[in-house]
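Here is a friendly tour of the aromatic rings in one structure. Have the viewer ready and follow along.

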Amino acid sequence: MAARERLAQLRSTAADDETPTPVVLLAAAVAAAVLSPVAWLVWRASKIGVDEAIGLLTSPTATEVLLNSLILTATVTGASIVLGVPLAILTVQTDLPFRRFWTVTIALPLVIPSYIGAFAYVSAFGPNGALSNLLAPLGVTVPTVYGLGGTTLVLTLFVYPYVFLTTRASLLSFDETQLEAARTLNHGFASAFRRVIFPQILPGVTAGSLLVALYALSDFGTPAIMRYDVFTRVIFVELNSLGQGRANATLLSLQLLAVTAVILALESRVGGADSSGYGAPASSTAMVSLGPYRWLAALVPAVVSLFTLVLPVGILTMWLVRSGPAAAGGGTGLAFRLEFAWNSVYVSALAAAVTVVLALPVAYYAGRSDGPLAQLVERATYVGYAMPGVVLGLALVFFASQWLLETLGASAVQVVYQSLPLLVFAYVVRFLPQAVGSTRSSVLGVDRELIGAARVLGASPGRAFRKVTLPLIAPGLLAGTALVFLTTMKELPATIILHPTGFTTLVTYIWRVQEAGYYGRGALPALVLVTLSGLSMIPLLRQEGDDG
């Protein structure tokens, strides 16, 4: 009887252990800080006259930018579906040789930032590019890599894995008995796939497609390098121009946020789609025999990997070897220094540490409470993640250079504008959800009876958290820290807009030498970034089983 009473007391204490008020207030403050860049943007837009705003939004330039952005988003999304879905089918439902190897290889382009891919393709196929010059004596003229075609090609090659991975996950969760039932009704694989499999994996295909669309819409580096005018490129140009430039940038940013909100709304609807037909144990058993075409089919992922991995890494390596010592030194002001790599590591580590500390109260509150306020606080942190980096940078420029000037004076602007704390804040706003997500999952996995036991034994809520909860959620915190660190290392638009004067990182150095046409000098830092990004694929390598 005493044991039952003790157990009941533990459960009661765990159930009654509500999130402390200071934690709730801190989580709400973090959410408000994440939302603040939107407020700065709206504040700046409120200073633009209605007639002027209508004129700017309906101008030929604004209309062209909107159409270009929508066309690019649609073409990249469609091309990613055409590429990603068949590759997912090949690696899951056929007896493709070396399926594990091809699965990892097909997913690896995600580790290459798209602007690094654009940098490699321009240096290969652009005017006086390495491959262009090699093919010219043979009478082969390479089509221009600039404009819509080149931008679509590069973005597709480096973001299609989103569709591949979500489709593959849906195929692995598919109940194979339904396909067998269709076959007993004399349906071939093609007919069974169309009638049975495709309708049930459609949510996965659509989810990956929406991720691609969101990426294509918000990407800055690739359109800028490929000289294709979309929202992000024009906003950056207008930000650095005189006259009505900042007014144009503000209105275009709000328009971009509106289009992004539509995509996120679609993603939310897909997330709640019916998942009937799923729930079966994950299986990688081949359901289709390719027969004598097995090795011929292997050419498909091989050719894709040639253009997504071999070519860009090969071009960067070639430039590194060709440049020799000049890649790291030389007589110009564009010499690479190890200090740039240290700056990247330092600011990324700082941003990761601050992000995880601020994510902890949000994740703890969201994981311990099902109330509407907890859900609102958690979802508010995702606003910054959905905000394109160039828009976030613009909003913080307005905050630091205009709002502070009007409210606190020039001295405050000198302290904040283009400062390291402002850059770190931008990283926190952008990547906080990565830390919140992994930490919240760990909080949900903590047995509340363990906390109740600590409380019954006399521990205060704070001590119970330090002694019980914190050690149990430490893996989630470390995972979030690593993810934020790796993502921060690659962030381009917010970094080049907000970095302190004289504070050069790998990203800002790559951007500077790319604009100057010194491709050899950008090869080494680009390869370093690709290598660091590759660390994020370790979980995939561990999860993939040996499927031949």
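## Charges over rings

In this predicted model, Arg44 sits over the face of Phe398, 5.4 Å from the centre of the ring. Arg227 is placed over a ring face as well, that of Tyr146, and here the distance to the ring centre is 4.1 Å.

## Ring pairs and a cluster

How many aromatic pairs does a search of the whole structure find? The search gives 13. One of them joins Trp40 and Trp403: the ring centres are 5.0 Å apart and the planes meet at 45°, so this pair is tilted. That angle falls between the limits of 30 degrees for stacked and 60 for edge-to-face.

Where do the two partners lie? Trp40 belongs to helix α2 (residues 21-45) and Trp403 to helix α20 (residues 389-407), so their pairing ties together parts that are 363 residues apart in sequence. Ring pairs also bring in Phe399, which forms a cluster with Trp40 and Trp403.

Trp403, at 27%, counts as partly exposed.

## An edge-to-face pair

Phe101 and Trp102 provide another pair to look at: their ring centres are 4.9 Å apart, and with the planes at 65° the pair is edge-to-face. Is Trp102 buried or exposed? Trp102 is buried, with a relative accessible area of 11%.

Conventions
Residues numbered from 1 in each chain as written. Predicted model: local features only at pLDDT ≥ 70, side-chain atom pairs only at ≥ 80, totals over all residues. Heavy atoms only, no water. Phe/Tyr/Trp six-rings, centres within 6.5 Å; stacked < 30°, edge-to-face > 60°. Helix = DSSP H or I, 4+ residues; strand = E, 2+ residues; numbered from the N terminus. Buried < 20%, exposed > 50% of the residue type's maximum accessible area, 1.4 Å probe, protein only. Lys NZ or Arg CZ within 6 Å of the ring centre and 35° of its normal.
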